Amino acid sequence: MSRIVVLGAGPMGLAAAQRAVTLGHEVDLIEADSKAGGMAAHFDFSGVSIERFYHFVCKSDAPTFELMAELGIGDRMRWVNTSMAYYTHGKVHKWGDPISLLTYPHLTLMEKIRTGLQMFLTTKSTNFDRIEHLTSRKWIEGGSGVSVYNKLWKRLQELKFYEYADEVAASWIASRIKRIGNSRKSIFQEQLGYIDGGSETLVEAIFDDIRRQGGRIHLGTRAEQVIVRDGRVTAVRAGGREFAADAVISTVPVPLVNRLVPDLPQDWQDRYAAIKNIGVVCLLFKLRRSVTPHFWLNIVADDIEIPGLIEFSNLRKVGDTIVYVPYYMPVTQPKWQWSDQQFIDEAFGYIRRVNPAITDADLLDAKVGRLKHAQPICEPHFADKLPPMQTPIAGLQIADTCYYYPEDRGVAESIRLGRRMAEQAGGAATAPQGARS
């Protein structure tokens, strides 16, 4: 049995700790926040238990289903017929199925044919190696056309990635299209899922299983340093204590790694430092009435500075209308310094633009959450830029959501990677000294 310390109790860290303790290891899970779950953690939003940041499940999310079955909560999965739309030219237009594409008024017939063909072929691709050298812009322009990129994509990319908009990898965008495109009841009906009770149901089940099997969870305990002696991990200093370790799995954001592990070779520190991240200011609104009947609404309008709305209550019914409004941006943007109220005022104004029937009296509550390291900038050949998960320090593995590439951040990818790291950590921790290098 090895002593394994896991840093970070988001979905990846939870999955790693649960797998490690199930394999018989002694596990300490360390989390700076007072609550487990990371971006999937819930909070009390005026009587509604809701995720801090929006999550949904697709039919391809096999690691989630497998872990839920293992934990005995497989019957808590729910599927809902959902839809997406575009708000542009002052109106909401349904999107995401053949009829919606054909009736969309702002594309020519040839643009519709090229767009439909590119999206269909993307959902059928087994991998995206052939487009790995392309940016998303070049890929979309080559398949659907320059005019389609300008009409449907350009504004969305600019409002999420700002100065990095033309650096995003085609593989990353294509993987997102494939995941959503394959989560369907039929070609005419999108179907997304949620866990009954929200992400908290899964987080609590993993949390309880770790403790039931003897794992120790330390919330409100900030990791300070991974201790290295003679080229291998020996402990983690956190919350003023030292936790002895034969192996360490770090799932904290990559931008924090160099401070946490000062013993990493300089070339490795340089590689971590070169990975760019942007932040997110994520607003939640509780409203008396629905904004649209759609789950996901993309917004393409020059005078609206958000890429869309996620009306979460059109997926999971929670009694009131719940709408997420994400503002992704590099934290160097002046707007990052706005007050919460400035964001609330602007975003609610945009909601009223989309649905003019909504009045000030319909706003029941609003909350603002912020993350400095929310989204990596995944350039072409991004996987080649990432350092291996197994570091030159024996027993130390490092990964965060960057390592899902080309997949986007998601609970299923967190579970897959976390469990894989736990299985590798057990072997590395018990290997003889000569086998660790």
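This is a predicted model: local features need pLDDT of at least 70, side-chain atom pairs count only at pLDDT 80 or more; totals for chains, interfaces and linings use all residues.
**Entry 1: helix H1**

I began with H1, which covers residues 11–22. I counted 12 residues in this helix. From its first C-alpha to its last, H1 reaches 16 Å. That is close to the 16 Å expected at 1.5 Å a residue.

Next I asked how many residues of H1 are buried. I found 11 of the 12, so H1 is largely enclosed by the rest of the structure. The buried ones run through Pro-11, Met-12, Gly-13, Leu-14, Ala-15, Ala-16, Ala-17, Gln-18, Arg-19, Ala-20 and Val-21. After the helix comes Gly-24. I noted its positive phi, near 100°.

**Entry 2: two packed helices**

I turned to H4 (residues 109–124) and H5 (residues 136–143). For such a pair I need the angle between the axes and the distance between the axes. Here the angle is about 120°, and the axes are 9 Å apart. Angles of 65 to 115 degrees would be roughly perpendicular, and those over 145 roughly antiparallel. So I wrote H4 down as oblique to H5.

Which residues make the contact? From H4 I listed Arg-114, Gln-118 and Thr-122. From H5 I listed Trp-139, Ile-140, Glu-141, Gly-142 and Gly-143. Sorted by class, the contact has two nonpolar, four polar and two charged residues.

An α-helix has 3.6 residues a turn, so residues three or four places apart point the same way.

**Entry 3: a sheet of three strands**

I then traced an open sheet with the order S11-S12-S13. Its pairing is antiparallel. Which strands are at the edges? They are S11 (223–229) and S13 (241–244), and each pairs on one side only. From one strand to the next, the twist averages 30°.

I found Val-226 opposite Val-236 in S12.

**Entry 4: strand S18**

Is S18 buried or exposed? I checked residues 321–329, and nine of the nine are buried. The strand is therefore largely enclosed by the rest of the structure. Thr-321, Val-323, Val-325, Tyr-327 and Met-329 point one way. Ile-322, Tyr-324, Pro-326 and Tyr-328 point the other way. Both sets are buried.

I also looked up partners of S18. S15 (residues 277–287) pairs with S18 in the antiparallel sense, over nine bridges. There, Leu-287 stands opposite Thr-321. S17 (residues 308–311) is antiparallel to S18 as well, with two bridges. In that pairing I saw Ile-310 opposite Tyr-324.

**Entry 5: residues in loops**

I finished with backbone angles. Tyr-162 has phi near 50°, a positive value in a residue other than glycine. I placed Tyr-162 in the loop between H6 (146–161) and H7 (170–181). Its relative accessibility is 22%. Buried means under 20%, so Tyr-162 counts as partly exposed.

His-381 also has a positive phi, near 60°. This residue sits in the loop between S19 (363–376) and H12 (382–385). At 41% relative accessibility, I marked His-381 as partly exposed.

Last, I checked a peptide bond. The one from Tyr-405 to Pro-406 is cis, with omega near 5°. Pro-406 belongs to the loop between S20 (396–398) and H13 (411–430).

Notes
Residues are numbered from 1 along each chain as its sequence is written. Side-chain values use heavy atoms; hydrogens and water are left out. Axes are lines fitted to C-alpha atoms, for helices over the stretch in contact, and angles run from 0 to 180 degrees between N-to-C directions. Helices (H or I, at least four residues) and strands (E, at least two) are DSSP runs, numbered from the N terminus. Angles under 35 degrees count as roughly parallel, over 145 as roughly antiparallel, 65 to 115 as roughly perpendicular and the rest as oblique. Contact means heavy atoms within 4.5 Å. Ala, Val, Leu, Ile, Met, Phe, Trp, Tyr, Cys and Pro count as nonpolar, Asp, Glu, Lys and Arg as charged, and the others, Gly among them, as polar. Two strands pair if DSSP finds at least two bridges between them. Buried means under 20% relative accessible area, exposed over 50%, partly exposed in between (1.4 Å probe, protein chains only). The expected span of a helix is 1.5 Å times one less than its number of residues.
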